[in-house]
Structure formats: structure tokens, C-alpha cells
Amino acid sequence: MDHAEFAQDLSKPAGKVYRINRDGSIPADNPFYGEKDHLQAIYTYGNRNVQGIAQHPVTGLIYATEHGPQGGDELNILKSGANYGWPAITYGIGYDGSIISNDTARAGMEQPVTYWTPSIAVSAIEFVTGPLFPKWKNNLLVTALKYEEVRRLVIDKDKVIEQEILLKGYGRVRDVKIGPDGALYVITNSPDALLRITPR
């Protein structure tokens, strides 16, 4: 079995998002709790490579970014017990140009909220809160390593209706946070830097 296929195997740890309590115990309402030969902490599966996770400040939904192979980086909403399809469905191809799957959708597998082809090497995410950027309230900031970007995504009813590039070319963006002062903080490498961004 190819290791990528482990993402579809609920007895294997690869290709999953896990949900545990703060004390390390496993919640009894996890989707596969008590099921034989299933890892009890699994919350979602069929995930290729999760990079960033953030909770919507109003809806409480959990959003996650995920590296695709060559093409097909994804933004997903994580749902209990859901299968995100890797490697059975993908919007990308192998790094050598090979076909991973001819399918981008199958019954019982989730579709991304949005995806990026070619890959932007999507990384950390953060919802905009606080008083400094009122026009961006509850927008999602998405970072990119390869494309050296911070993007602002406008989300309406769990659909991305607009994307804007806020920052580009300052280095590979590793993390983004809204600080206690309301400013936007961005961590880059190549070059290594901490950027603080405020309105004019």
C-alpha cells in the first residue's frame, strides 16, 4: 500500500486531524470513539498536509488550510467524521507530473471551500478581529510560502466570494496573527523578519 493511502485508513495515523481534550484524554463524542480498529482521537481523515487552523469568530466553524501535491492547495471546513478525499480525489498532480487521481469529487468526500492551482504553498491562517481593521472584520487572512503572500479572503455563508493580496514579496510567510493591540503581525523567513502592520 502506498503511504498516501493511509489517509483513508482509520487504523493508521497519517492524513488525519485529531481532537483531544486539554488534559490529553479523548472526547467520548469523537466520531469514531469506541469503534474497533479505529484511532479514537480522529476528528477528520483524508487530509494530505494541514498547515493552518482557525475558528470563525461568529459561526464557530473550524477552517483549515492544506498543502496539495503539485497544485490543489485547499481551504476546508473541518466537520466531525468527514473525509476530505486524499488521495482518492485531488485538484493536483504528482511532483513528477504523474496523475494521482482522475477524480476531483466522489460521493461521501468533502469539497474544499476553495483551492489554489498552481499551489501557493498555503500556510497559516487567521480571522480578522479587533478594532483596527473594521472593514476586514471576520475576513480570513491566508499566508503563502512559495508565493510569499498574505491574502484576505471574504467569506459569505462559507463561500469565498473575494480574494485580495495584501502583502507580497517580503519573504516566505510562516505565520500571521492579530495581536492584543489589534495590529497584524506577520512572520517571514528568507529573510527572517517580524512585520507589524497597522492602518495608515
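View 1. Phe127 stands opposite Leu140 in E8. Strand E7 (residues 122–127) and E8 pair in the antiparallel sense, with 4 bridges between them. For two strands to count as paired, DSSP has to find at least two bridges between them. The strands themselves are DSSP runs (E, at least two residues), numbered from the N terminus. A word on what you're looking at: this is a predicted model, so local features need pLDDT of at least 70 and side-chain atom pairs count only at pLDDT 80 or more, while totals for chains, interfaces and linings use all residues. Residues are numbered from 1 along each chain as its sequence is written, and side-chain values use heavy atoms, with hydrogens and water left out.

**View 2. Strand E8 is covered on both faces.** In a regular strand, side chains alternate between the two faces of the sheet. Take E8 (residues 140–144): Leu140, Val142 and Ala144 sit on one side, Leu141 and Thr143 on the other, and all are buried. That makes 5 of its 5 residues buried. Here, buried means under 20% relative accessible area, exposed means over 50%, and partly exposed is in between (1.4 Å probe, protein chains only).

View 3. E8 and strand E9 (residues 149–156) pair in the antiparallel sense over 5 bridges. Look for Val142 opposite Arg151 in E9, and for Ala144 with its bridge partner Glu149. This hairpin has 4 residues between the strands, and Glu148 takes a positive phi near 50°.

**View 4. E9 carries on into E10.** E9 is mostly covered too, with 7 of its 8 residues buried. Its antiparallel partner here is strand E10 (residues 159–168), joined to it by 8 bridges. The E9 and E10 hairpin has 2 residues between the strands, and Lys157 in the turn has a positive phi of about 50°.

**View 5. Aromatic rings pair up.** Rings of Phe, Tyr and Trp (its six-membered ring) pair if their centres lie within 6.5 Å; planes under 30 degrees apart count as stacked, over 60 as edge-to-face and the rest as tilted. By this rule there are 4 aromatic pairs. Tyr91 and Tyr115 are stacked, because their ring centres are 3.8 Å apart and their planes are at 15°. This pair links distant parts of the chain, 24 residues apart: Tyr91 is in the loop between strand E5 (73–78) and strand E6 (114–116), and Tyr115 is in strand E6. Tyr91 is partly exposed at 22% relative accessible area, and Tyr115 is partly exposed at 36%. Phe133 and Trp136 are stacked as well, with centres 5.0 Å apart and planes at 5°. Phe133 is buried at 8%, whereas Trp136 is partly exposed at 22%.

**View 6. Charges sit over rings.** This label needs NZ of Lys or CZ of Arg within 6 Å of the ring centre and within 35 degrees of the ring normal. The charged end of Lys12 sits over the ring of Phe6, 5.3 Å from its centre. The charged end of Arg48 does likewise over the ring of Trp86, 5.1 Å from its centre.

**View 7. Tyr33 sits in a loop.** You'll find Tyr33 between strand E1 (16–18) and strand E2 (42–45). Its relative accessibility is 41%, so Tyr33 counts as partly exposed.
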